[in-house]
Amino acid sequence: MIPPPEPADDDERWMRHALALAERAEREDDEIPVGAVLVSAAGEVLGEGWNRNIGESDPSAHAEIVALRAAGRRLGNHRLLGTTLYVTLEPCAMCAMAVVHARVARLVYGAADPKTGAAGSVFDLLLDPRHNHRVAVSGGVLAHEAGTRLSNYFRRKRGRAPLP
């Protein structure tokens, strides 16, 4: 019998999936490259997405929201119990609260967001004891890859050379 993979192995595997979604955001839609995938406790993809706010003219269409909406439709439920959300960038306050309201069990993110991060960088909304649900948080998974992709997107937009 093969033992189940270590959580860190799963975290990297699913973060690579989210990074591939982020790459699609940039390549296909010229959106800010953020990707998200929501995974069940059994390891099944329930929803995935990437930033769509520019293309859809929707300020709420962040990668996390797109993935949560897809999962909710798939399950026929707004509660996403026992799930883990993998996202390439630390969620903003809007996305963090959507994660709380959906009752996601765990959030794993790549790059920290020192300007608007709501999973510990600027705000800590996911663990706030005033909420009736708290989300376990693991940050920094493949952070360099996620951060470099974001930096290079903005460098390209500004006509600057990419980082290695």
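Helix α4 lies across strands β3 and β4 and runs at about 60° to β4. Helices here are DSSP runs of H or I with at least four residues, strands are runs of E with at least two, and both are numbered from the N terminus. Angles run from 0 to 180 degrees between N-to-C directions, with axes fitted as lines to C-alpha atoms, for helices over the stretch in contact. The model is predicted, so local features need pLDDT of at least 70 and side-chain atom pairs count only at pLDDT 80 or more, while totals for chains, interfaces and linings use all residues. Residues are numbered from 1 along each chain as its sequence is written, and side-chain values use heavy atoms, with hydrogens and water left out.

Start with the sheet. It is open and has five strands, in the order β2-β1-β3-β4-β5, with mixed pairing. Two strands pair if DSSP finds at least two bridges between them. At the edges stand β2 (45-50) and β5 (136-138), each pairing on one side only. From one strand to the next, the twist averages 15°. Helix α2 packs on this sheet. It touches β1 (35-39), β2 and β3, and its direction makes about 150° with that of β2. Contact means heavy atoms within 4.5 Å.

Now take the strand pairs. β1 and β2 are antiparallel and share five bridges. Val39 has Val45 in β2 as its bridge partner. The two strands form a hairpin with five residues between them. In that turn, Gly43 has a positive phi of about 85°. β3 (residues 84-89) and β4 (residues 106-111) run parallel, joined by five bridges. Thr84 has Arg106 in β4 as its bridge partner, and Leu89 stands opposite Ala111 in β4. Strand β4 is mostly covered, with five of its six residues buried. Buried means under 20% relative accessible area, exposed means over 50%, and partly exposed lies in between, using a 1.4 Å probe and protein chains only.

The C-alpha atoms of Leu38 and Thr83 are separated by 6.6 Å, although the two residues are 45 residues apart along the chain. Leu38 has a relative accessible area of 0%, so it counts as buried.

Thr88 sits in strand β3. Its relative accessible area is 1%, so Thr88 is buried too. Outside four places in sequence, Thr88 is in contact with residues including Met15, Ala18, Leu19, Ala22, Gly110, Ala111 and Ala146.

Helix α1 (residues 7-29) holds Asp11. Is this charged side chain's residue buried or exposed? Asp11 counts as buried because its relative accessibility is 7%. Apart from neighbours within four places in sequence, Asp11 is in contact with Tyr86, Arg106, Val108 and Val141.

Arg103 lies in the loop between α3 (93-102) and β4. Its phi is positive, about 65°, although Arg103 is not a glycine. Arg103 counts as buried because its relative accessibility is 16%. Leu142 lies in the loop between β5 and α4. Its phi is near 55°, again a positive value in a residue other than glycine. At 15% relative accessibility, Leu142 counts as buried.

Finally, the pocket. Rolling a probe the size of a water molecule over the atoms shows where empty space is left. The largest pocket holds about 540 Å³ of space. On a 1 Å grid over the protein atoms alone, a pocket is an open set of points with protein on both sides within 12 Å along at least five of seven lines, whereas a cavity is a set where a 1.4 Å probe fits but cannot get out. Lining residues have an atom within 4 Å of a point. Grid points are joined across faces, edges and corners, and the volume is the space filled by probe spheres set on the points.

Of the 24 lining residues, Ile32, Leu89, Asp113, Leu150 and Phe154 are the closest to the pocket's centre. The elements giving two or more residues to the lining are α2 (63-75) and α4 (143-157). Helix α4 gives the most, with five residues. By class, the lining has 12 nonpolar, six polar and six charged residues. Ala, Val, Leu, Ile, Met, Phe, Trp, Tyr, Cys and Pro count as nonpolar, Asp, Glu, Lys and Arg as charged, and the others, Gly among them, as polar.
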